[in-house]
Amino acid sequence: TDKYYMDEEVGRGSFAVVWKGRLKSDPKQTVAIKVISKNKAGNELHLIENEINLHAECDHPNVGKIYEVFDSPTSVSVVMEYIIGGELFE
């Protein structure tokens, strides 16, 4: 929250909540912020960390980009490209 505004919740899953946000230094830049609860992830946290690392290494126009990852004692927040269009299934 020091660097980003978290404007509205756009999705929710078993371990995470996804927010539509904006960069405070450039409020016109919209991002998605996925906040993953470490308590809810439990033993799956290492799998989530592996997925984040693999996703961060991808550099392809058809894959959303990860800009930053913040680790706190209670959560991992992944700041990524905001893609309009709803669910992947749609």
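## Working through a predicted chain

Take contacts (heavy atoms within 4.5 Å) in the chain between residues at least 6 apart in sequence: 37% of them join residues at least 24 apart. This is a predicted model, where local features need pLDDT of at least 70 and side-chain atom pairs count only at pLDDT 80 or more, while totals for chains, interfaces and linings use all residues. Residues are numbered from 1 along each chain as its sequence is written, and side-chain values use heavy atoms, with hydrogens and water left out.

**Exercise 1.** Work out what pattern the chain follows along the sequence.

*Solution.* Start with the inventory: two helices and five strands. These are DSSP runs numbered from the N terminus, with helices being H or I of at least four residues and strands E of at least two. Now read along the sequence, and you get β-β-β-α-α-β-β.

**Exercise 2.** Check the span of helix α2 against the expected value, then find which side of α2 is buried and what it packs against.

Step two: sort by relative accessible area, with buried under 20%, exposed over 50% and partly exposed in between (1.4 Å probe, protein chains only). L45, I48 and I52 come out buried. They sit on the same side of α2 because their arc around the axis is only 60 degrees, taken from the directions from the helix axis to the C-beta atoms. On the other side of α2, E51, L54 and E57 are exposed.

Step three: look for partners. The buried residues of α2 pack against β3 (26-37), α1 (38-41), β4 (66-71) and β5 (75-81).

**Exercise 3.** Classify the one aromatic pair in the structure.

*Solution.* You need two numbers here: the distance of the centres and the angle of the planes. Rings of Phe, Tyr and Trp (its six-membered ring) pair if their centres lie within 6.5 Å; planes under 30 degrees apart are stacked, over 60 edge-to-face, the rest tilted. For Y4 and F70, the centres are 6.4 Å apart and the planes stand at 70 degrees, so call the pair edge-to-face. Y4 belongs to strand β1 (residues 4-12) and F70 to strand β4, so the pair ties together parts 66 residues apart in sequence.

Finish with accessibility: Y4, at 9%, counts as buried, whereas F70, at 36%, is partly exposed.

How values were computed. The expected span of a helix is 1.5 Å times one less than its number of residues.
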